[in-house]
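Dear colleague,

I am passing on the model that we discussed, with the sequence alongside it.

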Amino acid sequence: MALGKLVKGTGELFTQFYNVRYRAVLEALQMGEFSYRAEHLWAKTEVVRLMDDTLFKEVTFTPGEQDGEDELEREWEGIGFDDFSRDLATSLWLMKAGRSTAAVANLKSLYTPEVRRQLAFLLHRLEYGIQQEESLAELQELCREQQIFPDYLEDFIREACIHQKKVFSFLSSRNFSNNL
């Protein structure tokens with residue numbers, strides 16, 4: 001959870017970790033050696049689970065240090081080890097994890113949390129048929145005051161509403177925006 005507190009809601013975490021599934025580590029373990037006591041070795045699946053637990057999204061990996069020894073990888077595959085993305089040849093993985101998906105990060109970057117909260121509130125009222133005409137008037141006023149443009153509103157509806165077609169249909173029937 002400390003990792004989650006280090007990065008803002010739309011930020012990204014860049015780090016690296018040593019791969020426990022690296023062929024040389026597996027060979028050392030096979031011979032009864034484990035010289036990695038000072039460092040923690042990770043598998044990509046462990047890192048993804050850790051990032052999910054700390055509410056990071058869109059986790060991507062890039063090899064930091066990778067061997068070119070394909071034959072040795074195939075030997076390990078032959079005894080049952082999967083080799084996704086040449087995992088067996090990679091000693092060091094570079095990782096990037098975002099606190100939000102790219103689409104949501106873009107939505108968050110343009111308006112304050114209060115404006116987004118009010119926008120979501122009004123759209124959910126429209127979505128679930130709660131005082132729709134009053135909510136529509138408030139939505140129009142909010143869009144005018146905050147200069148919320150139609151493309152942003154459309155993207156926001158796609159990210160925030162479960163019944164998107166219902167909201168788009170309601171807004172179109174009221175001629176809310178030509179772009180919706």
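The notes below go from the overall fold to helix packing, aromatic pairs and a few single residues.

This is a predicted model, in which local features need pLDDT of at least 70 and side-chain atom pairs count only at pLDDT 80 or more, while totals for chains, interfaces and linings use all residues. Residues are numbered from 1 along each chain as its sequence is written, and side-chain values use heavy atoms, with hydrogens and water left out.

The protein chain holds nine helices and three strands, where helices (H or I, at least four residues) and strands (E, at least two) are DSSP runs numbered from the N terminus. Along the sequence these elements follow the pattern α-β-α-α-β-α-β-α-α-α-α-α. Of the 180 residues, 36% count as buried; buried means under 20% relative accessible area, exposed over 50%, and partly exposed in between, with a 1.4 Å probe and protein chains only. Among the contacts in the chain with a separation of 6 or more, 70% come from residues 24 or more positions apart, a contact being heavy atoms within 4.5 Å.

Helix packing comes next. The axes of α8 (residues 150-160) and α9 (residues 164-173) come within 9 Å and cross at roughly 150°; axes are lines fitted to C-alpha atoms, for helices over the stretch in contact, and angles run from 0 to 180 degrees between N-to-C directions. On the α8 side the contact is made by Glu-154, Ile-157 and Arg-158, and on the α9 side by Gln-164, Val-167, Phe-168 and Leu-171. These residues divide into four nonpolar, one polar and two charged, with Ala, Val, Leu, Ile, Met, Phe, Trp, Tyr, Cys and Pro counted as nonpolar, Asp, Glu, Lys and Arg as charged, and the others, Gly among them, as polar.

The axes of α6 (residues 113-127) and α9 also come within 9 Å, and they cross at roughly 90°. The two helices are therefore roughly perpendicular to each other (65 to 115 degrees, where under 35 is roughly parallel, over 145 roughly antiparallel and the rest oblique). Leu-123, Leu-126 and Glu-127 of α6 meet Lys-166, Val-167, Phe-170 and Leu-171 of α9 in this contact, which divides into five nonpolar, no polar and two charged residues.

Helix α6 itself has 15 residues and reaches 20 Å from its first C-alpha to its last, close to the 21 Å expected at 1.5 Å a residue, the expected span being 1.5 Å times one less than the number of residues. Its buried residues include Leu-123, Leu-126 and Glu-127, and also Arg-116 and Arg-125. Gly-129 follows α6 and has a positive phi near 70°. Helix α2 (residues 23-30) has Arg-23, Val-25, Leu-26 and Ala-28 as its buried residues, and what covers them includes α4 (70-78). Just after α2, Gly-32 takes a positive phi of about 85°.

Turning to the aromatic residues, the count comes to six pairs, where rings of Phe, Tyr and Trp (its six-membered ring) pair if their centres lie within 6.5 Å, and planes under 30 degrees apart count as stacked, over 60 as edge-to-face and the rest as tilted. The rings of Phe-17 and Phe-61 have centres 5.9 Å apart and planes at 85°, so the pair is edge-to-face. This pair links distant parts of the chain, with Phe-17 in strand β1 (residues 12-18) and Phe-61 in strand β2 (residues 57-66), 44 residues apart. Phe-17 counts as buried at 6% relative accessibility, whereas Phe-61 is partly exposed at 22%. The rings of Trp-76 and Phe-81, with centres 5.1 Å apart and planes at 80°, are likewise edge-to-face; Trp-76 is buried at 8%, and Phe-81 is partly exposed at 28%. Tyr-111, Phe-149, Tyr-152 and Phe-156 form one aromatic cluster.

Finally, two backbone details may interest you. Most residues other than glycine have a negative phi. Arg-86, however, has a positive phi near 55°; Arg-86 lies in the loop between α4 and β3 (90-98) and is partly exposed at 26%. Gln-147 also has a positive phi, of about 55°, and lies in the loop between α7 (132-146) and α8, where Gln-147 counts as exposed at 65% relative accessibility.
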